[in-house]
Amino acid sequence: MKANDPKLKSWVDVPAGSDFPIQNLPFGIFKTKYLSPVAGVAIGDHILDLVYLHEHGYLDGLGLPAGIFNQKSLNEFFALGRKKVGEVRERVSEILRHDNEELRDRVAARELALIPLSECQMLMPVTVPNYTDFYSSEEHATNVGALFRDPKNALLPNWKHLPVGYHGRASSIVVSGTPIHRPRGQVKLPDAEAPVFCPSRKMDFELELAFITCVNTPLGRPVSIGEAEDHIIGFVLFNDWSARDIQQWEYVPLGPFLGKNFGSTVSPWVVTLDALAPFRAEGPKQIPHVLPYLAFEGAKNFDIQLEVLLEPAGEAMVTLSRTNAKYLYWNVAQQLVHHTVNGCNIQVGDLYASGTISGPSPGSYGSLLELTFNGQKPLHLPGGGERRFLEDGDTVIMKGHAEMDGVRIGFGPCTGKLLPAIG
Ligand code: MN
């Protein structure tokens, strides 16, 4: 893929440390004071308006349907498939190269096509028909199993044989910047006989990566391991807000419910699998061997550095955790294959989250549940405060990027502020 060449430079200024160099070119939906929601591509501190490019002939020859970018979501565009989306990314890369004068030298056109990010509001990149959350980090599953059940048998017997997951709630997925209200619910305190109804006292985040699908499959037809990645367009960062006290009381025997479905936050830019191709990595060795339908070849993990920061109200930001997506035990191809092996169909825009990504050391845990040992060991903040779980007014910021040969493929932040319970 020419667009991934680390030597490429753009005539658009890309500040050092930007998540959006010419090698990335992620897709998103934005609006401005003057523009209704449309599709765009991030480049440095700007958005390239795809509607402008399409309507003014810059994308001629790609066979794109009229109005494909003049939409409130990327679903129809992604439904054109990975190959077509890849062709658009290649063409945008060509237009933005330092030696390409097509747009560079048309000052009036350039002013209209390139909009400063600071003047844009990012919206949900896709309409999400279905959302599934996996549980694919061995370190996270082990830590949680030890805290909620038994340190000696933290992993349940099925865990290394299948990517455990549950069906989440699509309606409450929101884009970065949307505040989340602390949920109320049933909580059973350790010494009490009966539950009480109150605002959650154990509000937490979960650091995750989610992939988005670009194919509708018919009911009854499983996706094979060989074709799985052709069904995946790219990734977003994902904060699976969790109320641990509600979760702990409700989750037996059917799993997460109201402790999870009050809100999840996604980063606004869909970073394509194509852009991440140079950052493929081997995952952990899978022992025991998986069943044949889950067996795969090649490097299917991605070396993406991840970070969680906390900004308490009126205080400076502090890093709580640093980890990497390459630690995930189950890869995205295995997740999608397992999800459909029984004939379950998938839809364009579906979101499949990894589950909390934790690394091997305490500084790399992807949730407060693990970082504070379920509130037993508070984190001390530089401003003098401490946190066992989130407090009202806290903003959680997730960041992610892959980096090699001076090229940084980033996601832009995934942020959300926790507000008090309503009522
Ligand atoms: Mn989760």
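In this predicted model, the centres of domain 1 and domain 2, taken over C-alpha atoms, are separated by 30 Å. The domain assignment of the protein chain places domain 1 at residues 27-123 and domain 2 at residues 131-419. The contact between them draws 17 residues from domain 1 and 16 residues from domain 2.

**The interface between the domains**

The size of an interface is often expressed as the accessible area that is lost when the parts come together. Here, domain 1 and domain 2 bury about 1,400 Å² between them, and 64% of that area lies on carbon and sulfur atoms. On the side of domain 1, the residues that lose the most area to domain 2 are F27, F78 and R82, which together account for 48% of what that side buries.

Side chains of opposite charge can pair when their charged atoms come close. Between domain 1 and domain 2 the count is one salt bridge. The side chains of R82 and D274 meet in a salt bridge, with an N to O distance of 2.5 Å. R82 is also one of the three residues of domain 1 that lose the most area to domain 2.

Which elements supply the side of domain 1 that touches domain 2? At least two residues each come from β1 (27-31), β2 (38-43), α2 (75-78), α3 (82-96) and β5 (121-123). Of these, α3 gives the most, with four residues. Sorted by class, this side of domain 1 comprises eleven nonpolar, four polar and two charged residues.

**The chain as a whole**

The protein chain contains nine helices and 27 strands. Its C-alpha trace spans about 70 × 55 × 40 Å along the principal axes. The radius of gyration of the protein chain is 22 Å, which agrees with the value near 22 Å that a compact globule of 423 residues would have.

A search of the whole structure finds 21 salt bridges. Among them is a pairing of the side chains of D19 and R408, at 2.9 Å from N to O. This pair links distant parts of the chain: D19 belongs to the segment before β1, whereas R408 belongs to strand β26 (residues 407-410), 389 residues apart.

**Local features**

E227 is located in the loop between β13 (207-213) and β14 (232-239). Its side chain makes a polar contact of 3.1 Å with the side chain of R221. Leaving aside residues up to four places away in sequence, E227 touches R221 and P222.

| Cis peptide bond | Omega |
|---|---|
| V252 to P253 | about 0° |
| I287 to P288 | near 5° |

Where do the two prolines lie? P253 is in the loop between α7 (244-250) and β16 (264-266). P288 is in the loop between β18 (280-281) and β19 (301-302).

A further backbone feature concerns L25, which has a positive phi of about 55° although it is not a glycine.

How values were computed: Residues numbered from 1 in each chain as written. Predicted model: local features only at pLDDT ≥ 70, side-chain atom pairs only at ≥ 80, totals over all residues. Heavy atoms only, no water. Domains from an automatic or database assignment. Contact = heavy atoms within 4.5 Å. Buried area = accessible area lost by both parts, 1.4 Å probe. Salt bridge = Lys/Arg side-chain N within 4 Å of Asp/Glu carboxyl O. Nonpolar A, V, L, I, M, F, W, Y, C, P; charged D, E, K, R; others polar. Rg over C-alpha atoms; globule rule 2.2 N^0.38 Å. Polar contact = N/O pair within 3.5 Å; in protein donor to acceptor, adjacent residues only side chain to side chain.
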